[in-house]
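My notes are kept in the order in which I checked things.

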Amino acid sequence: MIIDTLDNLEKYVSLNPHLKTVVDFIQSTNLEKLENGKHEIQGDDVFVNVQTLKGKSQTEAPVEYHRQMVDVQIPLSGSETYGIIPVADLPAAEFSVEKDCALIPGVPCLSYVTAHKGMFVIFFPQDGHAPDITDAQELHKLIFKVRV
């Protein structure tokens, strides 16, 4: 897991060649004007989901993880907190290959980090994470999906 400011995202492109595509998209797009929904950037290898959702508490947010995709999550409307727990520490769960996701409710996270507007968080396949935690009524965010 990585948390940093958007100004530094380019420093991480060596970790995955598709991250350069994300950086280029961010630099050439008015992120605030993207409509909710899925926006393809580079086929199934890089796309972004724009979401406006109800904020959750730490106990309401299920832990999730992915096997084929890296998440680059960017809060647009304010701060978002993420619970973190290694996938190796999670109980067995049903995994949807089609959605590349397992959701595990009721699992307490080992720690929490908060990203504020102008920041990003990257979750790799080994990073269980519980997103969407905020006191705000609504959370507007971007979730870039980047193939491993």
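The entries below go through a sheet, a helix and one further strand.

Entry one. I noted that the model is predicted. I then looked up the sheet and found 6 strands in the order E1-E9-E5-E11-E3-E2. The sheet is open and its pairing is antiparallel. At the edges I found strand E1 (2–5) and strand E2 (37–42), each of which pairs on one side only.

Entry two. I followed E2 to its partner, strand E3 (residues 46–54). I found 5 bridges joining E2 to E3, and the two run antiparallel. I picked out Gln42, whose bridge partner in E3 is Val46.

Which strands does helix H1 lie across? I found that H1 (residues 19–28) lies across E2, E3, strand E5 (69–75), strand E9 (119–123) and strand E11 (138–147). H1 runs at about 140° to E11.

I turned to strand E6 (residues 80–86) and asked why it is largely enclosed by the rest of the structure. I found 6 of its 7 residues buried, so E6 is largely enclosed. The cut-off for buried is under 20% relative accessible area.

Entry five. I looked up what E6 is joined to. With strand E8 (residues 111–115) E6 has 5 bridges and runs antiparallel. Tyr82 stands opposite Val113 in E8. With strand E10 (residues 127–133) E6 has 5 bridges, again antiparallel. Gly83 has Ala130 as its bridge partner in E10.

Methods: Residues numbered from 1 in each chain as written. Predicted model: local features only at pLDDT ≥ 70, side-chain atom pairs only at ≥ 80, totals over all residues. Heavy atoms only, no water. Pairing = 2+ DSSP bridges. Helix = DSSP H or I, 4+ residues; strand = E, 2+ residues; numbered from the N terminus. Contact = heavy atoms within 4.5 Å. Axes fitted to C-alpha atoms, helices over the stretch in contact; angles between N-to-C directions. Buried < 20%, exposed > 50% of the residue type's maximum accessible area, 1.4 Å probe, protein only.
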